[in-house]
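Have a look at it first.

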Amino acid sequence: MATINNSHILINSKYPSGLKFIMMALCVLIVTIFLPKQARFRYEYEKGKVWMHNDLVSPYNFAVQKTPLEVSEDKKQILRSVFPLYQNDKEIVNKAIENYLADFDNKWHDSILVNKNAYRSMGLRLLQEVYSKGIITPVKKFQRDNQHYNFNLLTNNISTNYITNDVYTVESAFNYIDSKLNLSASGKYKTWLLSVLRNNIFPNYIYDERLTDKLEADAISNISITRGMVQKGEVIVSNGTLINDEIYQKLESLRGAYEEDINIVGDRRLVLVGQFLLVALVITLLIVFLFLFRKDIYHDNRQVSLILLVVTGMILTLSWAIKIKIPSLYYIPYCIVPIIIRILFDTRLALNIHLLVVLIGGFFVPNSFEFAFLQITSGMVAIYSIKNFVRREQFLISALLILCNYLVSYLAISLIRNGSFYQIDWYSFVPFVFSVLLSLLAYPLIYAFEKMFGITSDITLMELTNTNSKLLRDLSYKAPGTFQHSLQVANLAEAAIFKIGGNALLVRAGALYHDIGKMENPQYFIENQNKGSNPHDAISYEQSAQIIIRHVHHGIEIAHKYNLPEMIIDFIKTHHGTTRVDYFYQSFLKNFPEKIVDENTFRYPGPAPFSKETSVLMLADSVEAASRSLKEPDEKSINDLVDRIIEYKLDQHQLTDSSITIHDIETIKVIFKSMLMSIYHIRIDYALQI
């Protein structure tokens, strides 16, 4: 669970509660404005399932829409009936003949040909013959069934139908000329003339792609997308009837007509009112949940504004996707919401928000129950997979588990719908893969939200627990004994909070930094002192007490200097609560019984712990420090020590402000005793426990 870092404030939490309701109203208004405005068809149905509603009678006349497959087949048939258009380009013929005559004269000389005019006339006649029949370049897209196809030839704006079998290609024209020359010319003269002719054979029937495309577009635009009518009062489907292809298409046509026809769906202003009420109800339920179960968030306008921003952003994304009609709404990374809320807040809030967001989306997507099932289960997997976030790779593990959930759910739904493995449309699963990949954007978004709203997530806590950080390295160099003490306290506190329920990562981070103030005067703390050397011997008891007490103040200053989150600073402030520095207090009373003592001189400023996490740290800190004074630690001495320390904290009312229970305290005692015995390598006499 994350909390707020007061050094980064966008919206002050001290603002009046009225701001919260303004933000709620703004969120409801924005979402309502951008939601799709068509009316919602009231029935849910699937092909191959039984109609579970009452008999459905057509409320008006409507046309039955063709299926996409039927429209596609009609389109193919229409395109087959549209012949490609070619232009008869006579200029090409004239130019080719001119080029032939010029080439012939340029290449002719007596040593090669004895009868120039005869051969020139022969070549000219053959060239005119193939051009008169026509030469084309075939277009592959029209060679659907075989290589020949019909086409229309425009000559002086007069169209004539041909088939490609009746005209030449460049290759077939050349072959024809070659065969004719074999009959009319001798070998060497034929080869020479053929080479001259070859260079002047070009297509003179030119494919007009622009006009052909226009003809195809005009033909496609005239395709009817309907087949038949359903009359008003006609029974579309009866209760208990299996929804076959025909009935399904009638239902789809009715739904489309209902949602698109403004005259049928009624007043759109009332649709807007309905959406407003729906969104307002969902946002109100969210705020009520915060008020009942997370008052800390409810009273912090920054955290509320962040939650409303995430909810609004996801719903607007869905609305945008519906508006632009993306191929599948499952491209949207719905699981990004529970991941962000879980990392920044907690599991219960993440699940609650995810359910509400999915329920809103269900009103505007097809097959809403299927949509809700897929998204709710995947969101639950996302939340459960990062319940205890301790490693960055958990993001990838979570993404993989989400994808597995989508796969199993999609497979199950497909089998229920089709009853066959062979009819599963695996291409429709691709959007789920993209959705899971997009959910990884949660990582940079969490970082952005942390900076914008001053929230500390588990990711930041995980980074803080890295003992290679500069501040912890400084602690280990300047106060090595304190550093080792902090590590032991972290282990004790983490084990205890994990057992009783709480944020173990937060406790560990708090424990590692709770004594950083001792870096200012490390030699005044016993864990950092060498044997035989104690600087307290040279100063008064009051001064010693103040030096010890001031390590809390120094710790807060260092924490602010290094920009530690406020939640970590809370551990520094509360780890001694308002207790006394009893050693110096009792020493003062013993040595100066006649003096009046100001007890506040020997008392920490507090405050006392106010959460389970800070309470557990206080207990772990005191128990670990006291255990170092045991000369011969054994099972009895450790048991007595833990009981005595915790009873003292209770007597001093240090745990009154926290939510820790008596049962939690008993559990903590057991954990501390067990771990301290392990630390000091004490064998428990099991025979006494049998």
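On the surface, Leu270, Val273, Phe276 and Leu277 make up a nonpolar patch with about 390 Å² of accessible area together. Areas are Shrake-Rupley with a 1.4 Å probe, and only the protein chains shown count as cover for residues.

Bear in mind that this is a predicted model: local features need pLDDT of at least 70, side-chain atom pairs count only at pLDDT 80 or more, and totals for chains, interfaces and linings use all residues. Residues are numbered from 1 along each chain as its sequence is written, and side-chain values use heavy atoms, leaving out hydrogens and water.

Phe276 sits in helix α10 (residues 268–293); helices are DSSP runs of H or I, at least four residues, numbered from the N terminus. Phe276 counts as partly exposed because its relative accessibility is 38%, with buried meaning under 20% and exposed over 50%.

Now go inside. The largest nonpolar core has 71 residues, and Ile283, Leu290, Ile307, Phe345, Leu349 and Ile353 touch the most other members. Helix α12 (residues 301–324) supplies the largest share of this core, 11 residues. Such a core is a set of buried Ala, Val, Leu, Ile, Met, Phe, Trp, Tyr and Cys residues joined through side-chain atoms within 4.5 Å.

Note on methods:
Patches are made of residues with over 30% relative accessible area and no salt bridge: like charges are joined within 9 Å, nonpolar side chains (Val, Leu, Ile, Met, Phe, Trp, Tyr) within 5 Å. A salt bridge is a side-chain nitrogen of Lys or Arg within 4 Å of a carboxyl oxygen of Asp or Glu. Helices (H or I, at least four residues) and strands (E, at least two) are DSSP runs, numbered from the N terminus. Buried means under 20% relative accessible area, exposed over 50%, partly exposed in between (1.4 Å probe, protein chains only).
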